[in-house]
Amino acid sequence: MAVPTLRCGFSGSRWTFALVDRGCRHRTVATFNWIRGQSSVAQQPLHTAQKPRKGAQEWAAVVGLEIHAQISSNSKLFSGAEVRFAAPPNSLVSFFDASLPGTLPVLNRRCVEAAVMTGLALNCHINQKSLFDRKHYFYADLPAGYQITQQRLPIAVNGNLAYSICVGKQQREITKTVRVKQIQLEQDSGKSLHDDLRSQTLVDLNRAGVGLLEVVLEPDLSCGEEAATVVRELQLILQALGTSQANMAEGQLRVDANVSVHHPGEPLGVRTEVKNLNSIRFLAKAIDYEIQRQISELENGGEILNETRSFDYKLGCTVPMRDKEGKQDYRFMPEPNLPPLLLYDSTSLPAGADPQQVIDIDRIRETLPELPSETRARLVQQYGMLPEHSFTLLNEVGLLEFFQNVIKETRAEPKKVVSWVLNTFLGYLKQQNLAVSESPVPPSALAELLDLLHTRAISSAAAKQVFEELWKSPGKPPAQIVSEKQLGLLQDREALEELCRATLDGHPQVVGAGRRGPRCCGHRRPVPSAVPSLPLPALYYRTQGSYNYFSCRRDSTPSEP
Amino acid sequence: MLGRTLREVSVALKRGQVTPTELCQKCLALIKKTKFLNAYITVSEEAALKQAEASEKRYKKGQSLGDLDGIPVAVKDNFSTTGIETTCASNMLKGYVPPYNATVVQKLLDQGALLMGKTNLDEFAMGSGSTDGVFGPVKNPWSYSKQYREKRKQKPRDENDSDWLITGGSSGGSAAAVSAFTCFAALGSDTGGSTRNPAAHCGLIGFKPSYGLVSRHGLIPLVNSMDVPGILTRCVDDTAIVLGVLAGHDPKDSTTVQGPVNSFLLPSLTDVSKLCIGIPKEYLVPELSPEVRSLWSKAADLFDSEGAKVKEVSLPHTCYSIVCYHVLCTSEVASNMARFDGLEYGHRCDIDISTEAMYATTRREGFNDVVRGRILSGNFFLLKENYEDYFIKAQKVRRLIANDFVNVFNSGVDVLLTPTTLREAVPYLEFIQEDNRTRSAQDDIFTQAVNMAGLPAVNIPVALSRQGLPIGLQFIGPAFCDQQLLTVAKWFEQQVQFPVIQLEELMDDCSSVLANEKLASVSLKQQ
């Protein structure tokens, strides 16, 4: 039989696409791994979707997800056309993508490798033989009248995905698992733009034929928060693998949710499919809304229809999708133009096989990068940070890299770096709604600042001030700011003593009062001797044989003599 | 010169006895002369002359590209050709000019072949008569041959042209084009016999290569899992030359086999005593005409008398082939035709009330009844509730049919010898008494199982019937033993000495075309 042909149209680089940064949209979803009780069901994520009223039966919600992730590849799944977001309409369309008669699909090796990689990362069994099928339906943005997918025998099956959520008032972290039913390779469709005014439909085929990974999860979830957490974790995994950019705002990650409710112990209820979920936040909202809707519907004696619903993010509710009302029969059929996709492992690899023509699962396994869960464990272990800090570092796009760059360049304690990155730095970003990549402060500047702090060249309070300056005037070295603003601590003991003496001499009355008996000056620092509380130009104390100086220049009046 | 074989004319070109431009002009003149045959849908005169000019320059510089340089060829109008309308004889694709060449077309052009035009067919290659295309039926050149006319005592064509014969199909245009000497080789396509059937009716070699040997990229599909480009020529050696150019892996067609392609140059067999020829008993059907049956038996005797082992073999699942084919073919047709929605290319109706209404009207206007009927059946078989009962079962039967062949070849048989068609070509008026489906089912009976199994098969014209019409027999070989098959076919061809079509009457006033030739008439066969 014919051997499947593989196209080698990929580059080694994972991030070859110069995309406009849309990090700010990520930000809206970034906190979801550590949601603090936002979800209506967050208190009881295990099985009950709603606290039962007295006398009423409990409800349990069952949520399954189908996630489409656009494969990050240079060319499409079956054609050589380029994959690029926001290109001029119909500028990335090969003859095959436009379904010109006589054109044939040629499988992109990069897409297969991405699927295998993702399958391995999700602990799937990789099928050494998988098949392609045609799924038929007529739609303007599906030029061939069918989508090539893997219905019968997908490339990966039976995996699982672990995720952590916080429960209870203590925000106790628990780890759960959702089963991965299968991962299949399939083609994306084009885009239809409906101009209702002129009753026209405009079709853009740039996206038609782009490789998708459809990840089908078993219905192991029970609320919007769990779903959101799982999707976020999957997003991080795909991004770590480089198999998908997984940016929901650009449609690289699309989620459909199947939702049903039932009484525990009874058969599952009729499910609805919720589509049009283009952010993780809306995903959680839509699922929770749909669960509540179904419960109220049933409690009011209504019934749930097996229908497709769309989430209206403006109204915050799900509504039936009109154009999906007719029952579809997709008339699946084997794709006759593609031989079975054969993969090999080290035991089945034929001797003398051309590495360009075969895909070795074991070799791909060896190249798997560190996965988010492993990264978090490493961060906790290596830097002694709290687990939730590791989550935050991973959830914010670019934050981990920023953190690691700071760590690399500074002598400051990791815990200090964590605190500065997660509190100060992230706080500034959030306040101004910026992505990490948009930060005016580069990692090197923060590292330098932390070094100054570490060597006690400046005080903690001054460091905050320097940071603010860094933020306002990007590019200025921290040391320069320190000297310009005279924020440095006095290192010369004699000069300091002289200053103290001058102060004491200049305020004989206060000194006299002090001598009469110690008085609390309100300062938390240890005070070596009775020192007047006002004015307080400098203090010093001694620990472990060296002097530690604190600047006591007040933040509000930095230029005061 | 036009009456020669491709190999002969290739030699003449190399020797400078004729120039590509002369050859091209003569063929173009003959195409015009034989326009009434309706063999061509599009004649690419201008492009062909340009190609001839370029070829001539190469010959002058002594830089000929090979055996095909300067050779006029024709291509069935279901192969995509850059800049040349490709219609599939359907309203749906009228005016459709592909932006790319099918791989096989490109390979011919790369070898310097001159593309004379695109040949007629049944709409989307669905038929066995070349009668069901939107451009009208193709007429069999043998209708106008001396051999046929003498037997029939026909009046001259101008007075009575109602009894012309069909070419068979669906590659009837390609068969007529080669048979009428308007080109030296033509591409057909073969899904259930579409190359071999018209070859049998037009007295030509019609070769269906092993599935996977020749690229389908650019061939507008009928049944992807059975389609192969076919080759029509006037002798087996010519087929081997063309096959040598076309065969091989195509990165654009994942179903083509990898690895180096052996040369297809055919040795001349002198001894067939080591051969084992299988005669499948299931092919002896009551509908088989006595004349074909007798020729088949004579052919077997010939092998036998030359020392070959001839044995009866069984292909027990043959009788299910037609029904099985019907399910698989229509299912793939339903799928393949889904792309014709009027949006990206091809016909689009004027209705714009809704997308659905536009689809429906476009497709009703674009497809003929045969195509629409097959789409309807195919979609029925693919429905979720029917899929197991029809499509899956048909696939299983297909496997059984393919295994039948494997078993026979494993039992020591080298080549199978069968009839190609039930009888010789029939007159058009008789042919259209039955509908397309009935005709296809009858006419594909000996050819179609081969497509299910992906095997190479070839029609070899054997003799003229009592009516003076060609009768062909089919040789079937094991998968990817194309060269071995053609070698046997070549030996057989030399034994039977099939007569050349005599088209003098047709060519009477064509003297200007042939005036300068040393050959007195196109009927002269060079041996």
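Modeller: Before we start: a polar contact is a pair of N or O atoms within 3.5 Å, where one must be able to donate a hydrogen and the other to accept it. Also, this is a predicted model.

Colleague: OK. What happens at the start of α2(A)?

Modeller: A side-chain oxygen of A:Asn108 comes to within 3.0 Å of the backbone nitrogen of A:Arg110 there.

Colleague: How far apart are the end C-alpha atoms of helix α2 of chain A, and what span should its residues give?

Modeller: The helix covers residues 109–121, which is 13 residues, and at 1.5 Å a residue they should span 18 Å. The end C-alpha atoms are 18 Å apart, so the two values agree.

Colleague: Is α2(A) enclosed by the rest of the structure or open?

Modeller: Largely enclosed, because 13 of its 13 residues are buried. Buried means under 20% relative accessible area.

Colleague: And what follows α2(A)?

Modeller: A:Asn123 does, and its phi is positive, near 60 degrees.

Colleague: Strands now. Which strands pair with β7(A)?

Modeller: Strand β3 of chain A, residues 125–126, pairs with β7(A) in the antiparallel sense over 2 bridges. Strand β8 of chain A, residues 172–187, also runs antiparallel to β7(A), and 11 bridges join those two.

Colleague: Which residues are bridge partners?

Modeller: A:Ile126 has A:Ala156 in β7(A) as its bridge partner. On the β8(A) side, A:Lys176 is the partner of A:Tyr163.

Colleague: What do β7(A) and β8(A) form, and how many residues lie between them?

Modeller: They form a hairpin with 4 residues between them. A:Gly168, in the turn, has a positive phi of about 75 degrees.

Colleague: How many residues of strand β7 of chain A are buried?

Modeller: 9 of the 12, in residues 156–167, so the strand is largely enclosed by the rest of the structure.

Colleague: Switching to the two chains. How many residues are in contact?

Modeller: 34 residues of chain A are in contact with 43 residues of chain B. The area buried between the chains is about 3000 Å², and carbon and sulfur atoms give 57% of that.

Colleague: How many salt bridges and polar contacts are there between chain A and chain B?

Modeller: The salt bridge count is 0. For polar contact, the count is 16 residue pairs, with both residues at pLDDT 80 or more. The elements of chain A that give two or more residues to the side touching chain B are β5 (133–136) and β16 (333–334).

Colleague: Last one, B:Thr270. Buried or exposed?

Modeller: Exposed, with a relative accessible area of 74%. B:Thr270 sits in the loop between α8 (236–246) and β7 (276–280) of chain B. B:Glu306 is 36 residues from B:Thr270 in sequence, and their C-alpha atoms are 9.7 Å apart in space.

Conventions. Residues numbered from 1 in each chain as written. Chains lettered and ligands numbered in written order. Predicted model: local features only at pLDDT ≥ 70, side-chain atom pairs only at ≥ 80, totals over all residues. Heavy atoms only, no water. Expected span 1.5 Å × (residues − 1). Buried < 20%, exposed > 50% of the residue type's maximum accessible area, 1.4 Å probe, protein only. Pairing = 2+ DSSP bridges. Contact = heavy atoms within 4.5 Å. Buried area = accessible area lost by both parts, 1.4 Å probe. Salt bridge = Lys/Arg side-chain N within 4 Å of Asp/Glu carboxyl O.
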